[in-house]
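Colleague: I'd like to learn how to read aromatic pairs in a model. Can you walk me through it with an example?

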Amino acid sequence: MPARHRRTARSKLSVHAAGLKDLDALVHQRQAMWKALGVRNNELHEKGDRVYKRWARARLRNHQFMAWVVKSDDGRMAGGGCVWLQPVQPRPHRTSMVQPYLLSMYTEPDFRRRGVASMVVKEAIKWCRKNKYERLMLHASEMGRRVYSQLGFKRTWEMRLDLK
Ligand SMILES: CC(C)(COP(=O)(O)OP(=O)(O)OC[C@H]1O[C@@H](n2cnc3c(N)ncnc32)[C@H](O)[C@@H]1OP(=O)(O)O)[C@@H](O)C(=O)NCCC(=O)NCCS
């Protein structure tokens with residue numbers, strides 16, 4: 001897939017479809033996202049990273065998982081994000097039993113507010129449209145809310161009951 005470019009005063013950024021060769025970068029981004037959200041226990045991360053890596057590898061292989069990374073022209077990784085095709089239950093009008101879900105959105109601190117996350121979300125939306133999915137879901141962190149709302153995402157009425 002050809003890379004898309006966005007020129008900034010500092011360096012040129014480009015977004016790329018990611019694959020198995022990028023798995024370590026995707027795991028790093030996942031961990032860094034959780035750390036930014038306040039999960040600081042390294043033991044939990046070590047365990048969680050191993051599980052996530054296995055989980056993401058299997059789904060990249062069977063095409064239930066898409067990922068994009070943004071790189072700067074000096075070769076640095078600026079950020080990335082993923083779409084998982086999440087199994088969902090049948091309901092009226094649902095034509096597919098999977099629902100695209102955006103996750104693991106992360107931009108390295110040096111590259112924030114330069115459109116990195118927006119580039120990834122736009123690629124994810126484009127991919128979903130191209131593959132005829134009708135909706136893209138996500139759970140937004142406080143930092144992420146404006147990124148998504150600027151691109152048209154709406155709040156929903158999901159509820160939950162914490163059982164422990
Ligand atoms: C959230 C995050 C991915 C945003 O990445 P980014 O590459 O800086 O985002 P963008 O540059 O595409 O931002 C697009 C717009 O969203 C808004 N925005 C982005 N970060 C924001 C912040 N921290 N506070 C308020 N608005 C913000 C701005 O309106 C911004 O446009 P502007 O810079 O022209 O004003 C990044 O801050 C991050 O990695 N945070 C830690 C992990 C996290 O929260 N991930 C999201 C999980 S849902």
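This is a predicted model: local features need pLDDT of at least 70, side-chain atom pairs count only at pLDDT 80 or more; totals for chains, interfaces and linings use all residues.

Colleague: How are the planes of W55 and F65 arranged in their pair?

Modeller: The general idea is that planes over 60 degrees apart count as edge-to-face. Here the planes of W55 and F65 make an angle of 80°, with 5.4 Å centre to centre, so the pair is edge-to-face.

Colleague: Which parts does that pair tie together?

Modeller: W55 sits in helix α2 (residues 42-61) and F65 in strand β3 (residues 65-72), so the contact joins parts that are ten residues apart in sequence.

Colleague: What kind of pair do W55 and W84 form?

Modeller: Edge-to-face as well: 5.1 Å centre to centre, with 75° between the planes. That pair links distant parts of the chain, since W55 is in helix α2 and W84 in strand β4 (residues 77-87), 29 residues apart. W84 has 18% relative accessibility, so W84 counts as buried.

Colleague: Which residues do the ring pairs link into a cluster?

Modeller: Y52, W55, F65 and W84. W55 takes part in the pair with F65 and in the pair with W84.

Methods
Residues are numbered from 1 along each chain as its sequence is written. Side-chain values use heavy atoms; hydrogens and water are left out. Rings of Phe, Tyr and Trp (its six-membered ring) pair if their centres lie within 6.5 Å; planes under 30 degrees apart count as stacked, over 60 as edge-to-face and the rest as tilted. Helices (H or I, at least four residues) and strands (E, at least two) are DSSP runs, numbered from the N terminus. Buried means under 20% relative accessible area, exposed over 50%, partly exposed in between (1.4 Å probe, protein chains only).
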